[in-house]
Amino acid sequence: MRRRHRTPTRRRSSHVSQSRRPGPHPGARPRGTAARRVLILSADVGEGHAAAARALARQLEGGPQHARVTVIDGLAAMGRVLRPVVEDGYRIQLRLVPWSYTIVYWLLSHIAPVRMLARALLCRFGSRPLACRIAEHDPDVVVSTYPAVTVVLARLRRTGAVRCPTVATITDLTGLFFWAQPGIDMHIVSYGESLEPVERIAGEGSVRLVRPLISSEFLQLRSPLAARRALGLPEHGRMVVVSGGGWGVGDITGAVSEFVAVPEVTSIVCLAGRNDSLARKLRRSFTGVAQVHVYGFTDRMPELLAAADVLVHSTGGVTCLEAMAAGTPVVSYGLPVGHARVNTRAMAALDLVRLAHDTSELREEVRASFAPGCKAPAGGPAESRGVVEPQAAEVVLAAPRRVRPIPRWRLQATAVASQLVLLLGAGAWMMSTDEVTAVASRILHVHPLVAVKTDRPEVGVIVRMPAANVPNTAARLAGAGVHVSFSDNGRVPPASTIATLRALGDEVLPEVPGSAPLRWVRTRSTLDSQARALGLHHRFYYLQPRGGLSVGQLVLARTTGATPVSGALRLGASGPLPQRPTRAGDVLIVELDGSSASVSRLERVVSWLASEGLAAEPLERLVRSPSISASSRGERTSAAAPATSSASAAVSGTPPSGVPAKLSPSSSGASTTGTTV
C-alpha cells in the first residue's frame with residue numbers, strides 16, 4: 001500500500017549529527033562523558049505514538065542532564081515483513097472494515113494462545129533486525145512508545161541481546177497485555193489506575209506514574225480569544241474541534257453534520273489528519289457552510305485546543321491527554337471498535353471524557369460540555385487530582401537494570417526442549433491418526449485383506465460380537481450347518497471359548513481395537529496376547545477396526561508379521577441387506593450386539609448369501625480353497641494353494657503355509673489391497 005505524506009519519525013538533537021553511524025562494541029565505547037545516549041523506538045501507527053516520542057525527546061534534550069537522543073521508526077527497524085503487515089493492515093482495517101479490528105482485538109485480549117502466537121511471530125520476524133539497529137546506536141537506554149515494538153524489545157532484553165535498561169511508555173488505560181512486558185525494566189504510565197495492572201504483568205517495581213507525555217505547549221496558559229484570532233476563527237459563539245486522529249478515522253462527517261444544525265456553534269474545525277481523501281470529501285460535503293473549517297495534519301493543536309469549547313475525538317489516546325492538559329472537555333464518538341472503544345469506556349468511567357454512542361447522544365454530551373464550570377483544570381489526570389508526578393525524562397535517565405537476562409544455557413535448553421516437544425507431539429499425532437495411513441501402507445507394503453479369488457462359491461464371514469455370546473451363537477449357527485470366524489474387539493478369548501469353537505469347526509480371529517490417542521502403543525502386546533492364546537506364530541490375520549488403522553497400529557502390527565483384514569463389506573446388527581452384489585471370495589464383516597435380534601440378523605445374512613448361491617465360511621477355510629490367486633494390487637491371477645494340516649491354522653485364521661501373508665511385493669500368497677489371496 002502506498003504511503004503518502006509520511007512524516008519521518010527519526011529525530012536527532014543538534015549535537016548528534018553522527019548518531020546514525022554504527023557505534024563500536026558496547027564494551028569498547030569510552031564512558032568518560034556525562035552524556036547519556038537514549039534511543040527512542042516509535043511507530044507511524046496513528047499519531048499518538050510518534051507524538052509521545054517527540055515529547056519525550058524534547059524533555060530529554062531540554063532537561064538539566066545532558067542526553068543525546070535519537071528517535072527511529074521501531075517498526076521499520078524490525079524488518080520489511082512486519083511494517084506493512086502491522087501498519088498498513090491496521091490502517092486498512094480502521095478505514096474499510098473496522099469491525100474486523102474488534103474481532104482481532106478481542107482474540108488478543110481474551111484468547112491466550114492467540115496472544116502467544118502474535119508475540120511469537122513478532123519476535124520471530126523482528127528480533128534480529130531490531131537488535132542490529134539497536135547495536136548500531138549503542139544506547140545507554142532504549143525507550144519504546146509502541147506496543148508491538150515493546151514486545152520484541154522485551155524479548156531482546158530477556159535474552160541478553162540488549163544489555164542496557166529498557167523503558168516502555170503506556171498512554172492507554174486498557175490493553176495492557178501488549179503494553180506491559182516482563183522483559184522491560186521500567187514502564188511509565190499516565191494514569192494511576194494503570195500501576196497495579198502493570199505490576200501484575202511485569203513484576204513489582206516495574207512501573208512509575210509520570211506527567212503525560214505531551215508537548216509542553218499544551219500546558220501553557222492561553223487565551224481562547226487570542227487563539228481564535230490567531231487561527232482566523234470567529235471570536236463569538238461556540239467552537240467544536242472534531243478529530244479523527246492522525247489517520248482521520250471514525251464518523252467525522254456525521255459529527256460535523258450534527259453540529260451544523262446547532263445554532264450556538266459558530267465554528268467547527270475538522271481534523272482529517274493524513275487522510276487526504278477524507279479531507280477532500282469533507283470540503284466537498286460542506287462547501288458553502290461557513291462555520292466548517294477543514295484541516296489536514298496540523299502542528300497547531302495547542303492553539304486549536306485552547307480555542308475550542310469541546311473536542312470530539314474518535315480514537316482516544318494521546319490527543320485526549322493533550323486536551324485534558326489544555327483544560328478542554330473531551331467527547332468520545334465515531335470509532336467504537338477495538339482498543340478505542342475499551343479505552344474510551346474506561347476513561348468515561350473515570351469521568352475523564354464523555355461517551356456518545358450515536359449523533360443524538362453526541363449533541364447532548366457536547367451541549368453539556370458547554371455548561372459553565374465544565375472546563376477541567378489544565379495539567380492532565382495526575383495534576384487534576386492535585387498530584388505532581390515526575391517528568392518522563394527523569395524516569396528514563398534513572399531507569400534501573402531490573403531485568404535479569406535469561407542464561408544462555410537455559411535458552412538453549414528451552415529451545416531444544418521445545419523442539420523435542422514439538423517433534424514428539426507431531427510424532428504422536430501422526431502415529432495416532434489414520435489420515436496418512438494410506439501413505440504408510442504403501443511405504444511398508446502392508447495392504448488390508450479385502451477378498452480372495454477362488455473358484456468355489458464361498459465368502460468369508462467374520463462375526464464381531466461380545467465374547468460372552470459367542471459360544472451360544474456359534475452353536476446356533478453350527479446347528480444350521482453354518483461356520484464363521486468370530487472376533488471381540490481385541491480381547492484375549494477364554495480358553496473355554498477357544499475349545500468350544502474348535503469343536504464346532506469355527507475359528508477366533510485376532511483383532512486390533514479402535515484407535516485412540518496413545519492407545520496404539522499397545523498394538524503389539526494386544527496382538528501377541530491373542531496370538532499366544534490361539535497358538536499362532538509369526539504370520540496370521542487380524543481384524544482391523546471400522547475406522548481403519550492408525551499409523552502406529554499399522555507399524556506395530558507390521559512388526560508381528562500379521563496382515564490386517566478390512567473386508568469387502570461391513571454390516572451392522574440392523575438395517576436393510578446390502579444392494580450391491582456379493583462375489584465369491586469376498587470377506588464380509590458382520591457386527592452384532594449379542595441380542596437374539598442381532599443373531600437373527602446374522603441368520604438373514606446367511607440366508608441372503610444362500611439365495612445368491614454363496615456359502616458362508618470361516619476366513620481360514622476361504623484362504624485354503626483348492627484354487628486361489630494372489631495379487632498385491634488387485635490383479636486376478638491364478639495360483640494353486642495346498643491345503644494345510646495345521647490344527648492351529650484351522651481355528652485361528654493363520655495363513656496356510658501355501659498362502660503366506662502378503663507383506664511385500666516380493667512375497668507370495670494373500671495379497672492385501674483391493675483383492676487378496
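Leaving aside neighbours within four places in sequence, which residues is glutamate 258 in contact with? In this predicted model, the residues in contact with glutamate 258 are Thr359 and Arg363. Glutamate 258 lies in helix α10, which spans residues 252-260. With a relative accessibility of 16%, glutamate 258 counts as buried, because the cut-off for that class is under 20%.

**Overall make-up**

The protein chain contains 26 helices and 24 strands. It has 677 residues, of which 52% count as buried. Its accessible surface comes to about 29800 Å², and carbon and sulfur atoms hold 55% of that area. Among contacts in the chain with a separation of 6 or more, 70% are between residues 24 or more positions apart.

**Nonpolar cores**

The largest nonpolar core has 41 residues. Val461, Val463, Val484, Phe486, Tyr542, Val590 and Leu609 touch the most other members of this core. Two or more residues of the core come from each of β15 (458-464), α20 (470-479), α21 (495-504), α22 (523-534), α23 (551-559), β20 (569-571), β21 (587-591) and α24 (596-611). The largest share, five residues, is given by α24.

Phenylalanine 486 can be followed in detail. Not counting residues up to four places away in sequence, phenylalanine 486 touches Val463, Met465, Val470, Thr473, Ala474, Leu477, Leu501, Asp506, Glu507, Val508 and Leu509.

**Leucine 122 and its surroundings**

Leucine 122 is in helix α5. Its relative accessible area is 8%, so leucine 122 is buried. Apart from neighbours within four places in sequence, leucine 122 is in contact with Met78, Leu82, Ser127, Ala148, Val151, Val152 and Phe178. For one of these, valine 151, the C-alpha atom is separated from that of leucine 122 by 7.5 Å, although the two residues are 29 apart along the chain.

**Strands β4 and β5**

Strands β4 and β5 run parallel and are joined by three bridges. Valine 142 stands opposite threonine 166, a residue of β5. Strand β5 covers residues 166-170, and five of its five residues are buried. In a regular strand, side chains alternate between the two faces of the sheet. In β5, Thr166, Ala168 and Ile170 point one way, while Val167 and Thr169 point the other way. The residues on both sides of β5 are all buried.

**Aromatic rings and charges**

How many aromatic pairs does a search of the whole structure find? The search finds two. Tyrosine 105 and phenylalanine 177 have ring centres 5.8 Å apart and planes at 55°, so this pair is tilted. The pair links distant parts of the chain: tyrosine 105 belongs to helix α4 (residues 98-110) and phenylalanine 177 to helix α7 (residues 176-179), 72 residues apart. Both tyrosine 105 and phenylalanine 177 are buried. Ring pairs join Tyr105, Phe177 and Phe178 into a cluster.

| Arginine | Ring | Distance to ring centre |
|---|---|---|
| Arginine 124 | Phenylalanine 125 | 5.9 Å |
| Arginine 274 | Phenylalanine 297 | 4.0 Å |

In the case of arginine 124, the charged end sits over the ring of phenylalanine 125. Arginine 274 lies over the face of phenylalanine 297.

**Positive phi angles**

Most residues other than glycine have a negative phi. Aspartate 138 has a positive phi, near 45°, and is found in the loop between α5 (112-137) and β4 (141-144). Aspartate 351 is not a glycine either, and its phi is also positive, about 60°. The loop that holds aspartate 351 lies between α14 (338-349) and β13 (354-355).

Are these two aspartates buried or exposed? Aspartate 138 has a relative accessibility of 3% and therefore counts as buried. Aspartate 351 has a relative accessible area of 69% and is exposed.

Terms used
Residues numbered from 1 in each chain as written. Predicted model: local features only at pLDDT ≥ 70, side-chain atom pairs only at ≥ 80, totals over all residues. Heavy atoms only, no water. Helix = DSSP H or I, 4+ residues; strand = E, 2+ residues; numbered from the N terminus. Buried < 20%, exposed > 50% of the residue type's maximum accessible area, 1.4 Å probe, protein only. Contact = heavy atoms within 4.5 Å. Areas by Shrake-Rupley, 256 points an atom, 1.4 Å probe, with all protein chains shown as cover. Core = buried A, V, L, I, M, F, W, Y, C linked by side-chain atoms within 4.5 Å. Phe/Tyr/Trp six-rings, centres within 6.5 Å; stacked < 30°, edge-to-face > 60°. Lys NZ or Arg CZ within 6 Å of the ring centre and 35° of its normal. Pairing = 2+ DSSP bridges.
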